[in-house]
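Visitor: Please take me through the salt bridges in this model. I would like a close look at the partners and where they sit.

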Amino acid sequence: MTTYTDAQQTLPVQTEVDHGVLVATIHTKSLLYEMAINEIEECILEAMPRAQSALLVDCAELTLHVSSQFLSMLVRVHRKAGESGLKMGICNLSEALQMVYNVTALRSVLPAYHTRQQAVADLGEFDSWERR
């Protein structure tokens, strides 16, 4: 786990590969500070070469506030993933984040999944004998 610190809080981002999908799990309730968002973006981009088929940002713990800079970061990372030949998705959106997702252009660019398992089943690489 990589830990990033800003003036207010420590923001851990954990990355792991699951069936070829690089899963970047954000472990914080809110994400408002530009410095922290930029560092999270750097962490994801540094880990991206480990992905084989896709990148997934897991927002399970991101239940309070996010800034528009976080949404911009998702768009930038999506562009970089596409340039690398990777699909990208997000999962486990809170009600508030789901509302923002639905009313912004993000919905037309980035698929959202209810759970990590659904996302990996859709985006991941599986052997023919392996069940999804």
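**Salt bridges and their surroundings**

Guide: Start with E16. At 31% relative accessibility, E16 counts as partly exposed. This is a predicted model. The structure holds three salt bridges. One of them pairs E16 with R116, with the closest N and O atoms 3.3 Å apart. E16 belongs to strand β2, residues 10–18, and R116 to helix α5, residues 116–123, so this pair ties together parts 100 residues apart in sequence.

R116 itself counts as buried, at 18% relative accessibility. The cut-off matters here, because buried means under 20%.

R116 also meets D18 in a salt bridge, at 3.3 Å from N to O. D18 lies in strand β2 and R116 in helix α5, so the pair links parts that are 98 residues apart in sequence.

Now move to E41. Its salt-bridge partner is R76, and their closest N and O atoms are 2.7 Å apart. E41 sits in helix α1, residues 34–47, while R76 sits in helix α2, residues 68–83, so this bridge ties together parts 35 residues apart in sequence. E41 counts as buried, at 11% relative accessibility. R76 counts as partly exposed, at 28%.

Terms used
Residues numbered from 1 in each chain as written. Predicted model: local features only at pLDDT ≥ 70, side-chain atom pairs only at ≥ 80, totals over all residues. Heavy atoms only, no water. Salt bridge = Lys/Arg side-chain N within 4 Å of Asp/Glu carboxyl O. Helix = DSSP H or I, 4+ residues; strand = E, 2+ residues; numbered from the N terminus. Buried < 20%, exposed > 50% of the residue type's maximum accessible area, 1.4 Å probe, protein only.
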